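Here's a quick briefing on charged side-chain pairs and helix packing. Have a look at the model first, then run through the notes below.

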Amino acid sequence: MASPNRPARLNRTLLLVVAIVLLAAAAFTLLTAFAVLLLIPADQALTPASLSPPTWVSYVAIAIAVIVGLLALRWLLAQTQRRAKTGTWRLEADPATGATRIDAQDAVAPLVDEVENYPGVHRASARLAGTVARPMLYLTVGTEDAADITDVRRRIDTEAVPRLRQALDLTALPAEVLFRLDDARSARLT
């Protein structure tokens, strides 16, 4: 069973709260502007003329709002990018002689076991995605703070991935490796 991703859940919760507050503020502003809520008469100024900011402040505020909006849009677009799906792979050199079917997650289990036994590695998870013609390996490795990441990466590149590539009879297996630095105590808690 996969451990829950607490930071992601916290991020989603905080984003939901911020979204609700912003929607409520927008609704209040629109209802007031279209005189549905009569809190302030339309001919009354919100602030005295002596407290009005210079004209350039409005332009700077608009520019900042546009920049923040574009950054938020870019972040949203980044969230929609999906990795290739994983599933059952059909390995066959000649269809007349038969085919082997293997679940992509079962195929990476030995690789995960091997990487988890490297010195300084607490945990590892892998996902084999794509197709036999266009495979992609996503590997996440949780290490101790003092682990030799260079050595772990070298062993992944020269031992673990080539062994998996050979076992699956692939000509190439691109891999994306993500290292997470953990201390021993936090790794035991999750």
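E114 counts as buried, at 19% relative accessibility (buried is under 20% relative accessible area, exposed over 50%, partly exposed in between, with a 1.4 Å probe and protein chains only). Its salt-bridge partner is R163, at 2.6 Å from N to O, and R163 is partly exposed with a relative accessible area of 46%.

A word on ground rules: this is a predicted model, where local features need pLDDT of at least 70, side-chain atom pairs count only at pLDDT 80 or more, and totals for chains, interfaces and linings use all residues. Residues are numbered from 1 along each chain as its sequence is written, and side-chain values use heavy atoms, with hydrogens and water left out.

**Salt bridges**

- The structure has four salt bridges (a side-chain nitrogen of Lys or Arg within 4 Å of a carboxyl oxygen of Asp or Glu).
- E114 sits in helix α3 (residues 104-116) and R163 in helix α4 (residues 149-167), so their bridge ties together parts 49 residues apart in sequence. Helices here are DSSP runs of H or I, at least four residues, numbered from the N terminus.
- R153 and D157 pair up too, at 3.0 Å from N to O. Both belong to helix α4, four residues apart, or about one turn of the helix.
- On accessibility, R153 is partly exposed at 28%, and D157 is partly exposed at 38%.
- R155 bridges to E159, with the closest N and O atoms 3.2 Å apart. Again the spacing is four residues within helix α4, about one helical turn.
- R155 comes out partly exposed at 22%, as does E159 at 24%.

**How α3 and α4 pack**

- The axes of α3 and α4 come within 9 Å and cross at roughly 155° (axes are lines fitted to C-alpha atoms, for helices over the stretch in contact, and angles run from 0 to 180 degrees between N-to-C directions).
- That makes α3 and α4 roughly antiparallel (over 145 degrees; under 35 is roughly parallel, 65 to 115 roughly perpendicular, the rest oblique).
- From α3, A107, V108, L111, E114 and V115 meet I156, E159, A160, V161, R163 and L164 of α4 (contact means heavy atoms within 4.5 Å).
- The residues of that contact split into eight nonpolar, no polar and three charged (Ala, Val, Leu, Ile, Met, Phe, Trp, Tyr, Cys and Pro are nonpolar; Asp, Glu, Lys and Arg are charged; the others, Gly among them, are polar).

How values were computed
Helices (H or I, at least four residues) and strands (E, at least two) are DSSP runs, numbered from the N terminus.
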